[in-house]
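I would ask you to look at the structure on the screen while I describe a few of its helices and residues.

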Amino acid sequence: MHSVNAPTSSPRRGAAARLAVPAGVLAAVAGALAYVGAVDPHEPGHYPVCPLLHLTGLYCPGCGGLRSAHALVHGDLPAALQANAPAVLGCAGFVVLWTVWVVHAARGRPLRIDPPPVLLWSLGALLLVFTVVRNLPFGGWLHP
């Protein structure tokens with residue numbers, strides 16, 4: 001019985017092939033942002049209502065995220081920050097991570113993102129504090 005040995009290393013892919021997935025992700029995000037930019041979330045009936053807000057009257061950490069994205073698409077950073085500041089920071093983080101991903105892909109290097117647990121717990125704690133404060137009487141300035 002003969003066995004066929006598979007090659008131990010795959011041939012190097014071209015730059016276009018390595019950039020296909022990051023380009024696809026960018027196209028999907030750009031398409032979503034184009035839709036949110038064209039269809040105003042301030043007008044009722046275009047998007048589903050937040051279930052937490054609808055059932056309890058409490059704002060979740062994502063409430064105002066679509067309004068924030070709409071404002072960003074239209075270049076209104078103050079309105080975007082007022083609608084949902086963590087969403088704006090998330091968009092900025094996406095831009096940075098996507099750029100690092102593209103640079104690594106273009107160079108043919110794998111990208112490994114391994115944040116330390118303290119960073120993840122800190123981000124979670126900040127979102128929790130944001131959510132609690134925006135639902136307290138003195139946190140009205142954080143309402144979307």
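**Helix packing around helix 5**

The crossing of helix 5 and helix 6 is left-handed. Please bear in mind that the model is a predicted one.

Let me give the geometry of that pair. Helix 5 covers residues 77–107 and helix 6 covers residues 117–134; their axes come within 11 Å and cross at roughly 165°. Helix 5 is therefore roughly antiparallel to helix 6, since angles over 145 degrees are counted in that way. On the side of helix 5, the residues that meet helix 6 are Ala83, Asn84 and Pro86, and their partners there are Leu127, Phe130 and Arg134.

I turn now to the packing of helix 4 on helix 5. At what angle do helix 4 and helix 5 pack? The angle is about 105°, and the axes of the two helices are 7 Å apart. Helix 4 and helix 5 are therefore roughly perpendicular to each other. Helix 4 contributes Gly65, Arg67, Ser68, Ala71 and Leu72 to the contact, while helix 5 contributes Leu77, Ala79, Ala80, Ala83, Asn84, Ala87, Val88 and Cys91. These residues divide into nine nonpolar, three polar and one charged.

Is serine 68 buried or exposed? Its relative accessibility is 1%, so serine 68 counts as buried, the limit for that term being under 20%. A polar atom of the serine 68 side chain lies 3.0 Å from the backbone oxygen of alanine 80. When residues up to four places away in sequence are not counted, serine 68 touches Ala80, Ala83, Asn84, Ala87 and Val88.

My other example is arginine 67, which also lies in helix 4. Arginine 67 has a relative accessible area of 30%, and it is therefore partly exposed. Which residues does arginine 67 contact, leaving aside its neighbours within four places in sequence? They are Pro41, His42, Ala83 and Pro144. As for alanine 83, it stands 16 residues apart from arginine 67 along the chain, and the C-alpha atoms of the two are separated by 6.1 Å.

To close, I return to alanine 83 in helix 5: this residue meets helix 6, and it also belongs to the contact with helix 4. Thank you for your attention.

Conventions
Residues are numbered from 1 along each chain as its sequence is written. This is a predicted model: local features need pLDDT of at least 70, side-chain atom pairs count only at pLDDT 80 or more; totals for chains, interfaces and linings use all residues. Side-chain values use heavy atoms; hydrogens and water are left out. Axes are lines fitted to C-alpha atoms, for helices over the stretch in contact, and angles run from 0 to 180 degrees between N-to-C directions. Helices (H or I, at least four residues) and strands (E, at least two) are DSSP runs, numbered from the N terminus. Angles under 35 degrees count as roughly parallel, over 145 as roughly antiparallel, 65 to 115 as roughly perpendicular and the rest as oblique. A crossing is left-handed if the near helix is turned anticlockwise from the far one by less than a right angle, and right-handed if clockwise. Contact means heavy atoms within 4.5 Å. Buried means under 20% relative accessible area, exposed over 50%, partly exposed in between (1.4 Å probe, protein chains only). A polar contact is a pair of N or O atoms within 3.5 Å; within protein, one must be able to donate a hydrogen and the other to accept it, and residues adjacent in sequence count only if both atoms are side-chain atoms. Ala, Val, Leu, Ile, Met, Phe, Trp, Tyr, Cys and Pro count as nonpolar, Asp, Glu, Lys and Arg as charged, and the others, Gly among them, as polar.
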